[in-house]
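Me: I should like to learn how to read the features of a structural model in an orderly way. Could we take one and work through it together?

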Amino acid sequence: MDKNWAEMCKEMQALIAKEVTFKDGIEKLLALRKSLFEQITQIVSTFPEEAFYRMPFAGAEGYHSKTLAYSVWHIFRIEDIVAHEMIAEDRQVLFSGNFRAAIHSPVITTGNELSGDEIAAFSRQLNVKELYRYAQEVARSTERILTSLTYPDLKRRFGEDMIEKLKRTGCVSDAESAAWLIGYWCGKDVRGLIRMPFSRHWIMHVEAMRRIKNKLCLQARKGVDPVAFCGLSCNHCFLSEWCGSCRTAYNTCSFATVSPDRKCPNAVCCREKGIDGCWECELLETCDKGFYVPSNDGANAAKAQAMYIRKHGKKAFLKVQDHLHERYEFAKVQEILGQDRQEGLRILEEC
Ligand code: SF4
Ligand code: SF4
C-alpha cells in the first residue's frame, strides 16, 4: 500500500478514536480523500477513452484485474449507497441528478456481481466524463455528511430494518458475489464505515487503478520509437513508468496534458511538418514551442539532445543516454546538460 496514504489512514483512525481529536481526524480523512481523488482526476484527464475499458490484468486475483471505468463506478456506487441510504438516510446522488442515464450504465448496482468479460463490456458502455462528474458529486456530498458527524455518531449501528431497506433499493445484486455487502456494511458502526468504504476502500481501488494505468502505458510503448519529438528519451525519462510516450495515445507528459486537446505542441508541429522529430527542423535553435518554451528549465537540454540526434542519429543518442545514466544519478537531463545547449551538446558528445 502507498506509504503516504497508509500513514494518513492510520493517523486518521487514531484521531477519530478520541473525542478531543475527532474533528482533526475528519480533517485528515478529507485530506486523504482529496489526495486519492487527485489521482482519479489525473487519470480521467490524461488517459484516452479506450484505457477505461481495457483489462491489462484480466484473470488476475485482486482489484487490478478490473478496468479503470469499473473501478470508478464501483468506488462511488458503494459510497453513494452507504453515505445516503445508511448514514444520511436521504436520496442517493445517482438518482437525484439523472446520472444513470448520463453515464449510460446498464445497472444501478455496485458491480460486484460482474466478472471478467462482463466487466469489460460494462465498462465500454460507460460515459467516462459523466462517470467522473458523478464521482465528484458523490465525493462532495459524502464530505458534507462526514463534516456534519459528531463523535457520538461514530457508535451508531444498523439493524434488520436497514438490511431490509438496502435490499429493497435493488442497488446490491442478490448474486452471491455481491449480496454479502449488505451484511458486511450493516455489521459495522459509523466508525467502521469510515474505514470501509470511505477511506481504505478508496486506497485499495485507486492503487489498483494506478497499476492498471501503468501497465497500459507499458503496453502502449512496446515496439514504439522511444525517442520523443522534442529530443527526450522515453526509455530514460523519470516518467517512463507512468507515460505511454508522445508517439502513442497514452501520452501523459505534462507538456501534453496541459496543452489543448492534450496534444503536445512539439508533437503536433512535427506531425504537421511530416518530420520524425524537432532535430529535422531548421527552426530548432530558435523555436520556443511546447517543451522549448524559455520558462522551461529543461528546454535547452532537450534542444542539445535534438541537436545531438541531428548530428549522430537516434541509435547513437540512445547509447549516450545509457552512458549518461550509468555515469550520473539524475532525474531530469538538465541536471547534467545544464542550460546552455552548445555546452549540453558537448557533454553528450564527450560522454
Ligand atoms: S514535451 Fe512533448 S515531445 Fe517532448 S516528451 Fe513531452 S509530449 Fe513528447
Ligand atoms: S518549429 Fe519547433 S516544435 Fe515545430 S518542429 Fe520545429 S523545432 Fe519542433
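Me: How many residues does the chain have, and what percentage of them count as buried?

Reply: This is a predicted model. The chain has 351 residues, and 39% of them count as buried. Along the principal axes, the C-alpha atoms fill a box of roughly 75 × 45 × 35 Å.

Me: Which secondary structure elements are in the chain?

Reply: The chain holds 17 helices and 0 strands. As for the contacts between residues at least 6 apart in sequence, 68% join residues at least 24 apart.

Me: Into which domains is the chain divided?

Reply: Domain 1 covers 3-213 and domain 2 covers 224-350. Their centres, taken over C-alpha atoms, are separated by 40 Å. Domain 1 and domain 2 each give 5 residues to the contact. On the side of domain 1 that touches domain 2, 3 residues are nonpolar, 2 are polar and none is charged.

Me: How should I read a helix such as H11, and what span should its 22 residues have?

Reply: Begin with its length. At 1.5 Å a residue, helix H11 (residues 200-221) should span 32 Å, and its end C-alpha atoms are 32 Å apart, so the two values agree. Glycine 223 follows H11 and has a positive phi, near 75°.

Me: Which residues of H11 are buried, and where do they fall when seen down the axis?

Reply: The general idea concerns the helical repeat. An α-helix has 3.6 residues a turn, so residues three or four places apart point the same way. In H11 the buried residues are Trp202, His205, Val206, Met209, Ile212, Lys213, Leu216, Cys217 and Ala220. Seen down the axis of H11, these buried residues fall within an arc of 135°, so they line one face of the helix. Helix H2 (22-46) and helix H3 (68-88) are among the elements that cover them.

Me: Which backbone features deserve a look, and what is the peptide bond from methionine 196 to proline 197?

Reply: Omega and phi are the angles to read. The bond from methionine 196 to proline 197 is cis, with omega near 20°, and proline 197 lies in the loop between H10 and H11. Serine 245 has a positive phi, near 85°, although it is not glycine. Serine 245 is found in the loop between H11 and H12 and is buried, with 26 other C-beta atoms within 10 Å. Arginine 262 also has a positive phi, near 60°, and is placed in the loop between H12 and H13. With 16 C-beta neighbours inside 10 Å, arginine 262 counts as partly exposed.

Me: Which residues are closest to ligand 1, and which residues are around ligand 2?

Reply: A ligand site is read from the residues of its shell and their classes. Ligand 1 is surrounded by 14 residues, of which Ala228, Cys230, Cys246, Cys253 and Cys264 are the closest. Helix H12 (254-257) and helix H13 (265-273) are the elements that give two or more residues to this shell. By class, the shell of ligand 1 has 11 nonpolar, 3 polar and no charged residues. Around ligand 2 are Asn266, Cys269, Cys270, Lys273, Cys278, Cys281, Leu283, Leu284, Cys287, Lys289 and Gly290. The shell of ligand 2 has 7 nonpolar, 2 polar and 2 charged residues.

Me: Where does cysteine 278 lie?

Reply: Cysteine 278 lies in the loop between H13 and helix H14 (299-312). Cysteine 278 is buried, with 29 other C-beta atoms within 10 Å. Its contacts, not counting residues up to four places away in sequence, include Phe229, Cys230, Asn266, Cys270 and Cys287.

How values were computed
Residues numbered from 1 in each chain as written. Chains lettered and ligands numbered in written order. Predicted model: local features only at pLDDT ≥ 70, side-chain atom pairs only at ≥ 80, totals over all residues. Near = placed C-beta within 6 Å. Helix = DSSP H or I, 4+ residues; strand = E, 2+ residues; numbered from the N terminus. Nonpolar A, V, L, I, M, F, W, Y, C, P; charged D, E, K, R; others polar. Domains from an automatic or database assignment. Contact = placed C-beta atoms within 7 Å. Buried ≥ 20, exposed ≤ 12 C-beta atoms within 10 Å, placed from the backbone. Expected span 1.5 Å × (residues − 1). Arc of directions from axis to C-beta.
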